[in-house]
Amino acid sequence: MHDRTPLFQCGVFKMRRSRLIAAGNGNASVGDDMIEVRNLTKRYRDLVAIDQVSFDVQKGEILGFLGRNGAGKTTTMRILTGFLPASSGTAKVAGFDVFEQPLEVKRRVGYLPEQPPLYLDMTVYAYLKFVAQLKGVPGAKMKSEMERVANLTSVGAVMDRVIANLSKGYRQRVGLAQALLGDPEVLILDEPTVGLDPIQVREFRDLIRSLAGKHTVILSTHILSEITATCQRVLIIRQGKVVACDDLGGLAKKYQEPNRELSLEEIFVKLAEN
Amino acid sequence: MRNALAIARKELSIYFTTPTAYAVFCGMTFIAGMMFLAALGYFQSMSLQFLSYQQPQLLEHLNLTDMVVYPLLRNVGVIFLFMTPFLAMRLVAEEKRSRTFELLMTVPIRPFEIMLGKYLAALALMAVAVGLLGLFPAIVSFFGSSGTIMSSGAGSPIEWSTVFSGLIGLFLVGGAMMAVGLFVSSLTESVVVAALVTFVVLLVMWILNWQAGRMEGVARQVLDYLSMPTHLDAFAKGAPALKDVVYFATFMILGPFLTERAIEAHRWA
Ligand SMILES: Nc1ncnc2c1ncn2[C@@H]1O[C@H](COP(=O)(O)OP(=O)(O)OP(=O)(O)O)[C@@H](O)[C@H]1O
Ligand SMILES: [Mg+2]
């Protein structure tokens with residue numbers, strides 16, 4: 001019943017192609033893989049958090065990242081953003097190795113950590129300005145860039161409030177606004193919709209859909225309807241191992257039963273359950 | 001540099017929008033004020049006493065710089081000993097605890113810039129502290145020269161070169177202490193641990209020469225050189241030597257350097 005073997009090799013074919021093109025460093029050309037993860041393993045002492053994870057994300061693609069609690073999603077994203085080193089394996093963003101050339105990678109990646117990294121004593125305005133400065137947004141564009149992300153995440157109304165006094169959902173929005181600052185090519189979002197109200201969730205979906213094509217997005221979530229609404233491709237990990245990496249249609253085809261197609265939820269339960 | 005300045009500005013804005021800096025500076029000024037009044041009172045009673053001896057040549061040995069400003073600046077070193085661990089404790093540890101460290105480590109800036117921004121903010125705080133303390137000699141000089149404090153007009157007005165040297169010495173003491181605090185803060189997620197460890201380290205540096213009196217020769221010289229008051233003293237007397245400058249510079253370079261290493265180490269493990 002559980003025929004997972006082909007899935008472990010997800011992306012191997014693509015790997016050969018991209019190795020040929022992206023040998024050496026430099027910008028990924030159009031149609032190339034924006035994110036390349038090869039045999040990534042992370043150990044915390046004896047605990048293997050992720051185990052030989054390999055996948056690719058093409059430029060302009062939106063990848064949904066699924067897995068049960070503790071499966072290793074956050075760990076993978078932290079390695080991709082250069083916050084954590086991998087125990088072994090490599091990860092490349094836009095052709096740059098995240099460990100060897102961290103600045104090049106960080107310039108291109110907007111990251112929303114699992115817990116939004118907010119300075120509670122600052123106002124939203126001061127916070128966003130601070131992050132924009134660190135991301136190298138030029139002074140002349142600062143104001144318009146801050147307005148742009150404030151509109152996208154609807155935080156304009158709380159700009160002058162101290163973050164400590166914001167509700168959870170607003171804090172999440174500010175975290176999201178921070179990730180969007182500087183209009184990075186790649187967005188890595190760890191459970192971005194946690195705490196958002198239904199209307200804001202809808203706006204978030206529209207936002208992500210509007211990014212498709214130009215931006216590359218990896219987003220993790222536990223809400224499967226979010227994946228079907230926004231992503232072309234899903235990556236499912238189970239106890240640190242990739243068990244599926246396919247587009248939605250492909251998954252449905254692979255796991256269809258004689259008389260009907262399975263929903264993403266049913267496929268997830270089938271694949272991700274220990 | 002732009003990034004370092006952005007971080008320094010952020011640190012300072014947090015220090016001054018929360019009560020931290022105000023509380024610390026108020027406490028410092030209050031205690032320094034008490035020390036100042038005590039020194040002033042002593043000076044006054046000495047002047048009166050000497051006056052009653054009817055020996056004007058004795059009065060010439062009395063001056064405000066040596067009897068009020070010098071002990072004040074020396075004692076303020078002790079206030080710094082208690083104050084800098086509180087100011088420095090949050091510099092890096094708080095970022096780790098509140099997970100904002102993850103932001104700093106994933107935006108395109110170098111660990112060096114993080115360290116530099118934080119240390120610049122720490123030095124700015126020390127500059128403010130020294131500026132506040134500079135008000136005391138200014139008061140002495142204002143009233144001292146107008147003759148209100150001195151019952152007889154005896155003694156000389158403030159020797160500003162000595163006072164400036166003392167204030168610079170204090171700034172260097174503060175900078176060295178903050179360098180220690182910054183490094184310790186970069187090793188832990190707990191601000192309490194950071195403050196405690198920093199305090200213990202600084203206290204040891206402070207009282208090292210208490211042992212020196214009982215020793216002889218090289219050991220004594222080494223202990224004397226290693227302890228902070230020796231060098232603050234040299235500045236407060238208005239005669240710092242190169243070794244005093246080197247002493248503080250060692251802290252102010254080594255602390256930030258090790259901090260940068262500690263932050264960089266996060267990328268590796
Ligand atoms: N700093 C750490 N030290 C030790 N173990 C850790 C550390 N961080 C994560 N882990 C472990 O690594 C595994 C993967 O954790 P991770 O946070 O990546 O899971 P996740 O997929 O993001 O889960 P969730 O859906 O709950 O967010 C877990 O077993 C976790 O306990
Ligand atoms: Mg997680």
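Visitor: What should I know before I start?

Guide: The model is predicted, with local features needing pLDDT of at least 70, side-chain atom pairs counting only at pLDDT 80 or more, and totals for chains, interfaces and linings using all residues. Residues are numbered from 1 along each chain as its sequence is written, chains are lettered from A and ligands numbered from 1 in the order written, and side-chain values use heavy atoms, without hydrogens and water.

Visitor: How many residues surround ligand 1?

Guide: A residue is near a molecule if one of its heavy atoms lies within 4 Å of it. Here 14 residues surround ligand 1, and the closest are A:G70, A:K73, A:T74, A:T75 and A:E114. Helix 3 of chain A gives the largest share of that shell, three residues.

Visitor: Which polar contacts does ligand 1 make with A:G70 and A:T74?

Guide: A polar contact with a ligand is a pair of N or O atoms within 3.5 Å. A polar backbone atom of A:G70 is 2.8 Å from an oxygen atom of ligand 1, and a polar side-chain atom of A:T74 lies 2.5 Å from a ligand oxygen atom. Taken alone, ligand 1 exposes 630 Å² (Shrake-Rupley method, 1.4 Å probe), and the protein buries 63% of that.

Visitor: And over in chain B, which residues of helix 1 are buried?

Guide: Helices are DSSP runs of H or I, at least four residues, and buried means under 20% relative accessible area (1.4 Å probe, protein chains only). Helix 1 of chain B covers residues 2–17, and its buried residues include B:A4, B:I7, B:E11 and B:I14.

Technical notes: Helices (H or I, at least four residues) and strands (E, at least two) are DSSP runs, numbered from the N terminus. The expected span of a helix is 1.5 Å times one less than its number of residues. Buried means under 20% relative accessible area, exposed over 50%, partly exposed in between (1.4 Å probe, protein chains only). A polar contact is a pair of N or O atoms within 3.5 Å; within protein, one must be able to donate a hydrogen and the other to accept it, and residues adjacent in sequence count only if both atoms are side-chain atoms.
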